[in-house]
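Here's a quick tour for anyone meeting this protein for the first time. Have a look at the model, then read on for the main points.

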Amino acid sequence: AGPWSHLDLIIAIMPEHSAAFGTSLPSPAFVVKEPFDDPSIGDIILRSSDGLDFYVFKNILMLASPIFSDMAALPPSDMEKREMSESAPEMSSNNTFTYNDTMDRLPVITMYESSANVLDALLRTLYPTALPVLNTFDTVLGVAVAANKYEMDRASSIAHQALCTILETASPTQALEAYATAKSHNMKDLARKAALATLRTPLE
């Protein structure tokens, strides 16, 4: 049956571990850095799950992700609203995003699954800036999940490569968490590699 079925059994009988899968602990104090801290170089705000705002360009999101590719799926800025007919209905939400606020006259999308450090790393894989240093297990796993959700191929490839490197020396609990998370998000290749990583050292 391979390692997968055995891991599923371990997850099922270890609620103290499985209850933590898919959750995120509060991030240490995080400061949004350039280029995401400047309202003048963004036309939309992505708000992290821990409440920090990142100013980004719609076009970059649209190029990186088919989920963002339809302009109709993104809320209009104040300038775009003025260009619209006054009779046109305003979009407030859809099945993927929640437009629950405006700030600096820009629409806000809350990214409920991404803490600030995860969102920062994810965006830096998309922007023409230096790639983020992905060497922290929780951050890399979070980027992999977000990239998978939004179908961001480049970000997903970068995160998977970084996570595979981390799994080479990861603890058994981390490998098991990576397996459970990858499987629950249908990331089959990552689940397979995480499953193999759990075999290196027995769980205590």
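Helices (H or I, at least four residues) and strands (E, at least two) are DSSP runs here, numbered from the N terminus. What you're looking at is a predicted model, where local features need pLDDT of at least 70 and side-chain atom pairs count only at pLDDT 80 or more, while totals for chains, interfaces and linings use all residues. Residues are numbered from 1 along each chain as its sequence is written, and side-chain values use heavy atoms, leaving out hydrogens and water.

**The overall layout**

- The protein chain has nine helices and four strands.
- Reading from the N terminus, the order of elements is α-α-β-β-α-α-β-β-α-α-α-α-α.
- Of the 204 residues in the protein chain, 44% are buried; buried means under 20% relative accessible area, exposed over 50%, and partly exposed in between (1.4 Å probe, protein chains only).
- Take the contacts (heavy atoms within 4.5 Å) in the protein chain with a separation of 6 or more: 61% of them are between residues 24 or more positions apart.

**The nonpolar core**

- A nonpolar core is a set of buried Ala, Val, Leu, Ile, Met, Phe, Trp, Tyr and Cys residues joined through side-chain atoms within 4.5 Å.
- The largest such core holds 48 residues, and Val56 and Leu123 touch the most other members.
- Elements giving two or more residues to this core are β1 (44-47), β2 (53-56), α3 (58-64), α5 (116-124), α6 (137-149), α7 (153-167), α8 (172-184) and α9.
- The top contributor to this core is α6, with eight residues.
- Setting aside residues up to four places away in sequence, Leu123 touches Phe36, Leu46, Phe54, Val56 and Leu61.
- As background, nonpolar side chains tend to be buried together in soluble globular proteins.

**α6 and its partner α5**

- How do α5 and α6 pack? Their angle is about 60° and their axes are 9 Å apart; axes are lines fitted to C-alpha atoms, for helices over the stretch in contact, and angles run from 0 to 180 degrees between N-to-C directions.
- That angle makes α5 oblique to α6; under 35 degrees counts as roughly parallel, over 145 as roughly antiparallel, 65 to 115 as roughly perpendicular and the rest as oblique.
- The crossing of α5 and α6 is right-handed; that label applies if the near helix is turned clockwise from the far one by less than a right angle, and left-handed if anticlockwise.
- On the α5 side the contact uses Asn117, Val118, Ala121 and Leu122, and on the α6 side Asp138, Thr139, Gly142, Val143, Ala146 and Ala147.

- Val140 is buried, at a relative accessible area of 0%.
- Beyond its neighbours within four places in sequence, Val140 contacts Leu134, Asn135, Ala159, Ala162, Leu163 and Ile166.
- Val140 and Ile166 are 26 residues apart along the chain, with 8.9 Å between their C-alpha atoms.
- Val143, found in helix α6, is buried with a relative accessible area of 0%.
- Beyond its neighbours within four places in sequence, Val143 contacts Val118, Ala121, Leu122, Ala155 and Ala159.

- In α9 (residues 188-198), the buried residues are Leu190, Ala191, Ala194, Ala195, Ala197 and Thr198.
- Down the axis of α9, these buried residues fall within an arc of 160°, so they line one face of the helix; the arc is that of the directions from the helix axis to the C-beta atoms.
- α8 and α9 pack at about 155°, with axes 8 Å apart, and that makes α8 roughly antiparallel to α9.
- The α8 and α9 crossing is left-handed.

- Glu34 and Pro35 are joined by a cis peptide bond, with omega about 5°, and Pro35 is in the loop between α2 (15-18) and β1.
- Glu151 isn't a glycine but has a positive phi of about 55°, and Glu151 sits in the loop between α6 and α7.
- Asn186 isn't a glycine either, and has a positive phi of about 60°; Asn186 lies in the loop between α8 and α9 and is exposed, with a relative accessible area of 55%.
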